[in-house]
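Have the model open as you read.

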Amino acid sequence: MLIRTDILPEPDLPDTSHLIARGHALAQEWQVQPGAFLKHHGVTCEAEYKRDRAAAGKLMQHAQIGWRDPEKSRDAWADIHERCAARNVTIDRYGICLDWSMGIPRDDRGDAMRGTGLILDGPEDFARLTKAAPVAPHFGDFVLGFPASVENTCAALMAGSTSIGNLGQYFTFRLQNHSDDVTCTNATLTALALIAAQPVPVLVHSNLDDGFAALFGDLSSGLGAVLLERHIGTLVGVEISHCWGHHFSDPVRRLAFHLALAEISDTPGTMIYGNTTSYRGSRAENFASLASYLSIDIAGQLLTPTGHAINPVPVTENERIPDVTEVIEAQLFAARLADHEHRHMPLLDTAPARALADRIVSGGTVFFDNAMKHLAAAGIDTNNPFEMLLAIRRLGGRRLETMCAAGTDDIPSDIAEEVAEMAQTHLLRIPGDDRQALAGLRPRVLTATTDVHEHGKLVLDEVLSSAGATLIDGGTSVEPQVLAATALAEQADAVALSTYNGVAMSDYNVLREHLGDRIPVLIGGRLNQVPDSSNTSLPVDVGDQLAASGALVCREIEEAVPALLAALKETR
Ligand code: B12
């Protein structure tokens, strides 16, 4: 049973009406400016453009861009548009990959650890970027949901952006050393109110896969999350535009989710994200994954146009942030595939996806009703957007799903199946002798991530526990110094860290500094960092540097076992 004081123990929370009034007041000064895209198309907002294009049966294309260096990003803004236009391909919108440090207010950002994304200093930098070509600017990452939500929303509006996000990130993303949730909620709600008071409709983007849906075991729970977020949007007076797709690999489930979403929402969608989790191979192999998910998304838009742009993710996605030429290649590929797809449509039997969509909608509705009931029974004011946001964030995806999932008609999400399959594959690669040796030693291994990426840890947990280790859960998005303290308190034999955000070296150094020399550290994930001296803004591998500093670098899960055995030989 849910009790208010377990979730919102504070005797006094900030006054919601005051925050909303502040957001409305800010709208006097900060209003959407007609940028290059809006002027070029003669529309007042992107939602209007999307509705027109969808009604005319036109597909829209989304490209995700943003490198550390603002000049590189600005040149790319023009370059990608021009080089695609020269091949008769229209890029309708750019999703801007702001760096995670952009979630921290400008004045406090100085000492923050930087990831791999774009860093813009002030509103004029936002505007300079979006002026470079008539492509809709979508400020979808690290704006809403963070302490800097208000200043970044102001800057995005002034730069002509009428699609701003990312509400999904509010629920799950944490910034190292800046994770106070009341501050984040204050800023997010104020920014939402600022958006609500704009003279033209501004879409509030929410990427479900950035939020709880990434962790849900049942597909209908994802739709339940959409209904919950839409309820919060109604309370503030904004339209929430949902994006999804990273974790949707199965074609029938992918199409079914699209149809289910179309049934419950007529707000134009921002984009359908690429199925990035299927990018696990070489570039050529990844092209097959690109074709697989794009053909479903194109078919979905032809069957039921929702305004979502398709999002061809470059095939280098699993190596690092892609470069300009790779972005262009993926866009041209998508446009050509769409030409073919029209002729494939008569071959498509949509009945299984339609039947599944009905089950997703009914399961999602039960999830929503259960959530509202449980929250109200616990004493949460379900008509207060501040309380709803904070309560849902604090509950977390796993608890929310356990409490609210329909449970009668399980529709497994792809990721639950994929993690189990990956674990099995890696487990089979471990020699029997090594497994026996590890089981004999039964080491206590603390596993954790320092960012939101959790799949590596989930697979590792499964493999290590099956191979005989005792696991200590160090959590996700944990600060390295906190991790060190847990390892020492729990007397762990080893720490196994999974890290992806392009700060592998910095995270390891902080961890080692607080851990001392005794406990070995295994490290895996995306082990790279943008060098301070970089003129390409692309991250480079730091595996050798990590190894030279004493880390046990693992490129594959199974490497953890020999690494642990060797380390334990020395320490025991
Ligand atoms: C899934 C995913 C997400 C999901 C994560 C969901 C979740 N809850 O886990 C979502 C959508 C939320 C997400 C968000 C972001 N992501 Co992401 N994401 C990915 C993706 C697609 C897969 C990574 C993954 O989990 N793979 C599955 C694991 C099991 O396989 P693997 O990575 O190959 O790992 C192998 C080994 O490394 C080993 N391993 C991994 N860890 C460990 C640890 C140990 C100890 C051992 C022994 C082995 C080991 O195990 C695997 C098999 O052997 C990659 C791109 C890609 N296709 O790889 C981008 C990627 C990692 N993301 C990236 C980025 C930039 C982000 C964001 C910052 C984007 C943004 N602007 O919002 C945010 C992160 C924000 C934050 N606060 O942390 C970048 C990282 C860039 C870089 N470092 O160069 C990538 C590479 C995409 C890209 N090309 O830009 N992401």
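Is phenylalanine 212 buried or exposed? Keep in mind that this is a predicted model. Phenylalanine 212 comes out at 7% relative accessibility, so it counts as buried, the cut-off being under 20%. Phenylalanine 216 is buried too, with a relative accessible area of 1%.

**Rings**

There are 13 aromatic pairs in the structure. Phenylalanine 212 and phenylalanine 216 make up one of them, with 6.4 Å from centre to centre and 45 degrees between the planes, a tilted arrangement. Now look at tryptophan 244 and phenylalanine 248: their ring centres are 4.9 Å apart and their planes stand at 65 degrees, so this pair is edge-to-face. Both tryptophan 244 and phenylalanine 248 are buried.

Back to Phe212 and Phe216: they belong to one aromatic cluster with Tyr170, Phe171 and Phe367.

**The cobalt**

Which protein atom is the donor to the cobalt atom of the ligand? It's NE2 of His453, the single donor from the protein, 2.2 Å away. You'll find histidine 453 in the loop between strand E7 (444-449) and helix H18 (455-466).

The structure holds 3 cavities of 30 Å³ or more. Here are two of them, along with a pocket.

| Space | Volume | Lining by class |
|---|---|---|
| Second largest pocket | about 250 Å³ | 5 nonpolar, 5 polar, 4 charged residues |
| Largest cavity | about 110 Å³ | 7 nonpolar, 3 polar, 4 charged residues |
| Second largest cavity | about 80 Å³ | 8 nonpolar, 1 polar, 1 charged residues |

Some of the rings turn up again here. Phe216 and Phe248 are among the residues nearest the centre of the largest cavity, as are Ala213, Leu219 and Ser413. Helices H10 (219-236), H11 (251-264) and H16 (414-428) each give at least two residues to that lining.

The second largest cavity has Phe171, Phe212 and Phe367 in its lining, including also Glu229 and Ile392.

As for the second largest pocket, 14 residues line it, and the closest to its centre are Leu59, Gln61, Ala335, Ala338 and Asp339. Helix H13 (residues 324-344) gives the most to this lining, with 4 residues.

How values were computed
Residues are numbered from 1 along each chain as its sequence is written. This is a predicted model: local features need pLDDT of at least 70, side-chain atom pairs count only at pLDDT 80 or more; totals for chains, interfaces and linings use all residues. Side-chain values use heavy atoms; hydrogens and water are left out. Rings of Phe, Tyr and Trp (its six-membered ring) pair if their centres lie within 6.5 Å; planes under 30 degrees apart count as stacked, over 60 as edge-to-face and the rest as tilted. Buried means under 20% relative accessible area, exposed over 50%, partly exposed in between (1.4 Å probe, protein chains only). Donors are N, O and S atoms within 2.8 Å of the metal (3.2 Å for Na, K and Ca); water is not among the atoms, so sites may look incomplete. On a 1 Å grid over the protein atoms alone, a cavity is a set of points where a 1.4 Å probe fits but cannot get out, and a pocket is an open set with protein on both sides within 12 Å along at least five of seven lines; lining residues have an atom within 4 Å of a point. Grid points are joined across faces, edges and corners, and a volume is the space filled by probe spheres set on the points. Ala, Val, Leu, Ile, Met, Phe, Trp, Tyr, Cys and Pro count as nonpolar, Asp, Glu, Lys and Arg as charged, and the others, Gly among them, as polar.
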